Every structure is written in structure tokens, then in C-alpha cells.
Amino acid sequence: MIQETAVFIRQHFEQEGSGHDWWHIYRVWQMARQIGEKEQVDPFRVEMAALLHDLDDWKFSESRESRAKKWLSSIQVADVDLQAILQIIDEVSFKGSGVKTRPTSLEGMVVQDADRLDAIGAIGIARTFAYGGNKNRLIYDPEVAPEQHDSFKAYQQSTAPTINHFYEKLLLLKDRMNTETGKRLAEERHQFMEAFLEQFFREWQLEEEQST
Ligand code: ADP
Ligand code: NI
């Protein structure tokens with residue numbers, strides 16, 4: 001069932017270019033599996049939810065009918081697992097600004113950690129600028145006071161430069177990790193983002209780039 005779902009999801013996401021490509025799903029799947037090995041989780045639910053977690057993203061789905069539910073029914077997943085998997089997916093998705101919600105199951109916490117890890121670090125930086133480029137946004141606007149970059153409220157959300165996204169979300173994620181493994185991995189990725197931003201602003205100011 002997991003392999004069948006992976007094939008289905010890969011086909012579905014093959015053409016997605018806005019940060020939600022198959023390889024995002026693949027990384028979250030593998031990461032969730034890795035974190036799950038250290039927790040007392042049901043591995044089937046973790047893997048299935050990881051594979052299906054972005055299928056019904058509100059940004060992309062045109063119908064209200066749950067594609068994940070339809071898929072799980074079609075491959076005859078047991079009802080108790082189907083309900084649990086849909087619950088994980090529901091709790092994991094960001095739903096716009098609902099970043100703070102903590103999943104009610106350990107499986108959900110593992111999948112959420114895996115999804116958040118993919119939003120930070122080097123890969124997170126790459127995905128963020130890919131998303132901004134897809135929306136035609138500036139990477140940064142030096143004519144806006146620095147403190148305004150802390151909040152996208154300074155702009156219409158639709159036109160905020162991509163760098164704002166680090167302050168409104170990405171730098172907050174490390175303190176919202178659920179599992180010990182997730183926290184440890186997030187720490188390293190967080191430090192890399194801090195270093196990236198420091199260098200980014202140093203280059204804007206034409207400051208001497210030193211290798212200290
Ligand atoms: P996820 O797949 O992690 O659930 P989202 O749908 O929230 O994530 O976002 C997909 C990718 O696009 C992530 O890497 C995220 O950081 C990035 N992204 C989302 N919103 C913005 C934004 N306003 N500006 C830049 N990048 C964004
Ligand atoms: Ni995701």
C-alpha cells in the first residue's frame with residue numbers, strides 16, 4: 001500500500017513547480033520514517049500520512065472533496081487506519097497562519113516535524129526563493145525599514161519580498177518541533193539559516209566578506 005501510494009503521489013506531483021514537488025514529498029516521507037524509528041509510532045500511519053500530507057493543500061486543491069480520503073478508500077485501507085491518517089494530515093497542514101497547532105497523536109508530531117524540517121536549512125532556503133520566484137516577488141526590498149521586514153503586515157501578503165518569510169515563519173519553526181530528533185535536526189538547520197541571513201545582509205551593505 002505504501003509503495004502503491006508513493007507511485008500515485010509521484011505521478012500527481014511530477015508537474016508541481018511551486019515548492020511542492022515530488023521530491024519534497026519524498027524527503028518528508030524519508031525523514032518521517034527516520035524520526036519515527038526513534039519514537040513509539042505506527043510506521044504505516046506515519047508513512048502514509050507523510051506521502052499524502054500535501055495532496056489536499058488548500059492552495060492547490062480546487063475541490064473540497066478530500067483526495068486523500070478518496071485514495072485511501074480506493075486501496076481499501078482499514079477504516080481505523082484511514083481515520084487516523086486523515087487526522088494526521090489535517091493536523092499537520094499549516095492552514096495559512098495556523099503554525100502553532102500541535103498534533104494530537106505521536107504519528108502526527110513526527111510527520112509535522114519532518115514537514116517543518118524540509119522548510120528550513122539549505123533546502124528550506126531554496127524552496128522559499130523558488131516559491132517567491134514563482135509568485136514574481138522581490139528577494140528583498142532595501143527601501144523598506146528593517147523592522148518592517150519582521151512582519152508581512154507591512155506589505156500586502158501577496159507582494160512582500162521573499163526574505164520576510166524567514167521572519168514570519170521559518171526562524172520560528174525550531175522552537176515548535178515536537179520530537180527530540182526533530183529538535184536536534186532543526187537546531188543545525190536553523191543555524192545555517194541564521195548564517196545565510198547574516199551573509200545576505202552583509203553583501204547588501206557591501207561589507208568586507210571575511211572568512212572568520
Ligand atoms: P509545506 O509543504 O511545508 O507544508 P507550504 O505550503 O506552507 O509548506 O509552503 C511550501 C514552500 O513554500 C515552503 O518551503 C515554504 O517555506 C514556502 N513558502 C510558503 N509561503 C511562502 C511565502 N509567503 N514566501 C516564501 N516562501 C513561502
Ligand atoms: Ni509539505
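Asn136 is placed in the loop between α7 (121–134) and α8. Helices here are DSSP runs of H or I with at least four residues, and strands are runs of E with at least two, numbered from the N terminus. This is a predicted model, in which local features need pLDDT of at least 70, side-chain atom pairs count only at pLDDT 80 or more, and totals for chains, interfaces and linings use all residues. Residues are numbered from 1 along each chain as its sequence is written, while chains are lettered from A and ligands numbered from 1 in the order in which they are written.

**Exercise 1.** State the phi of Asn136 and decide whether Asn136 is buried or exposed.

Solution. Step 1: Asn136 is not a glycine, yet its phi is positive, near 65°. Most residues other than glycine have a negative phi. Step 2: a residue is buried if 20 or more other C-beta atoms, placed from the backbone, lie within 10 Å of its own, exposed if 12 or fewer, and partly exposed in between. Step 3: Asn136 has 8 C-beta neighbours inside 10 Å, so Asn136 counts as exposed.

**Exercise 2.** Describe how α4 and α5 pack.

Solution. Step 1: two packed helices are described by the angle between their axes and the distance between the axes. Axes are lines fitted to C-alpha atoms, for helices over the stretch in contact, and angles run from 0 to 180 degrees between N-to-C directions. Step 2: for α4 and α5 the angle is about 155° and the axes are 10 Å apart. Step 3: angles under 35 degrees count as roughly parallel, over 145 as roughly antiparallel, 65 to 115 as roughly perpendicular and the rest as oblique. α4 and α5 are therefore roughly antiparallel. Step 4: Ala68, Lys69, Leu72 and Ser73 of α4 meet Leu82, Ile85, Leu86 and Ile89 of α5; residues are in contact if their C-beta atoms, placed from the backbone, lie within 7 Å.

**Exercise 3.** Is Ile125 buried or exposed, and which residues does Ile125 contact beyond its neighbours within four places in sequence?

Solution. Step 1: Ile125 belongs to helix α7. Step 2: with 20 other C-beta atoms within 10 Å, Ile125 is buried. Step 3: leaving aside neighbours within four places in sequence, Ile125 contacts Met193 and Phe196.

Conventions. Contact = placed C-beta atoms within 7 Å.
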